[in-house]
Amino acid sequence: MKEIYLDNSATTPLCEGAIEAMGRAMRTYGNPSSLHTMGHEAQKLVDAAREGIGSALGVRMMKPGELIFTSCGTEANNLAIFGVAYAKARRVANKIVTTDSEHPSVEKSLRMLEADGFEVVRISTRGGVLNFEQLENALDEKVLLLTMMMVNNETGAAYDLSRVFRLAKERCPSAVTHCDAVQGFLKLRFSPTAIGADLVSISAHKIHGPKGVGALYVNREILKQKKLAPRLFGGGQEFGFRSGTENVIGIVGFGAAVRETGRGLDEKLQRMASLREYALLKLSALDVTLNVPIGDCAPHILNFTLPRIKSETMLHYLSGEGIYVSSGSACSSHSHAPSPTLLAFGLSPSDAENSIRVSLSEYNTEEEIDRFVECLKNGLGVLVRVRK
Ligand code: PLP
């Protein structure tokens, strides 16, 4: 039985380029902080990856500190949020503006800050559309940080962050703008400068790189004005923002994945978007409800609700057929509560519990979608009978 992997928002298979580059890097075991030749060699590998990732983000002539390697997207989000909140110069303003459907690495960080006296305003994303009226009302001189995801990991909704951040720069020019681009990097064309993001989080394992490595882009003005404080203290690696010996092999894999995934990107994205449309068309013939965002969407994520069948039940049925999808996001799938993101989208708690996410990569094909839809159809027949 050929396995069909449709859970690429949870993680992606490693690309050949990353496997090869990491294999080679495993033989370079120097510590980048060591002053001898082996240390320099390791540092050169890290710097080359930084340069390549910076250029994929459209950052020219990167200054030291403009891209900080972390252990994952979660850590990059935590560094951005706590780093801005606790940078000494920033304690005058204490309001943080975000959405009501952020990834737990953002939402749970913000809850910690709320408990510590920060004010957090969550803008509605009902129907996958950001409520600009609420946003305009929330943006004032008290805003310290605006943190918003580029692409929602459960619905695929893509937000117009250039408009959001432009508005923020007009209304509260000293506020820092942060974008969680973990699901947007190499899925939508953007550069931090073009969208007005001061900080951008990305993660390697969502773009065919290894797990356990991410990065935070930091605009040079933020560095100059000391608006970001470190969260890990120690040997002062990563320009003092993230102490701890670098994951050299992972970083090399990240750089190689960005290179390989970024090659011919426009065509890959076009193909992925067409495959998503194809899947939506096929699914619309079944007894399921498509949860398609009203506004813009990323090319790789789609979500639908089953007719009174728990998503977990269907997920196990499909898994038995060698087809892998997700119920909500992988990160929250251990929680039995309905997904807050789907509730924010406008689904009832029971519909949220009956929803399936399909997420594509450049490696998926129409034949795979055909087999998935066929198995889903059979599953609906079997499981509806069991339900009765
Ligand atoms: N932000 C979003 C939107 C995500 O989808 C994820 C992971 O699913 C993360 C952050 C966390 O990334 P990581 O798994 O690298 O910690």
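1. First, the ground rules. Residues are numbered from 1 along each chain as its sequence is written, and side-chain values use heavy atoms, with hydrogens and water left out. As this is a predicted model, local features need pLDDT of at least 70 and side-chain atom pairs count only at pLDDT 80 or more, while totals for chains, interfaces and linings use all residues.

2. Who sits around the ligand? There are 16 residues in the shell, and Gly73, Thr74, Asp180, Ser203 and Lys206 come nearest (near means that a heavy atom of the residue lies within 4 Å). By class, the shell has four nonpolar, ten polar and two charged residues; Ala, Val, Leu, Ile, Met, Phe, Trp, Tyr, Cys and Pro count as nonpolar, Asp, Glu, Lys and Arg as charged, and the others, Gly among them, as polar. Helix α3 (residues 73-85) gives the most, with three residues. Helices (H or I, at least four residues) and strands (E, at least two) are DSSP runs, numbered from the N terminus.

3. Ligand oxygen atoms lie 2.8 Å from an N or O atom in the side chain of glutamine 183 and 2.9 Å from one in that of histidine 205. The protein buries 93% of the 390 Å² that the ligand exposes when taken alone (Shrake-Rupley, 1.4 Å probe).

4. Now the seven-stranded sheet: it is open and mixed, in the order β2-β8-β7-β6-β5-β3-β4 (strands pair if DSSP finds at least two bridges between them). β2 (67-70) and β4 (119-123) each have a single partner strand, so one side of each is left without a neighbour in the sheet. The twist averages 20° from one strand to the next.

5. Within that sheet, β7 (residues 199-203) and β8 (residues 214-218) run antiparallel, joined by five bridges. Serine 203, one of the residues that come nearest the ligand, stands opposite glycine 214 in β8.

6. The other sheet is open and antiparallel, with three strands in the order β9-β10-β12. β9 (289-290) and β12 (355-359) are at its edges. Five bridges pair β10 (residues 301-305) with β12, and serine 355 is the bridge partner of threonine 305.

Definitions and conventions:
A polar contact is a pair of N or O atoms within 3.5 Å; within protein, one must be able to donate a hydrogen and the other to accept it, and residues adjacent in sequence count only if both atoms are side-chain atoms. Axes are lines fitted to C-alpha atoms, for helices over the stretch in contact, and angles run from 0 to 180 degrees between N-to-C directions.
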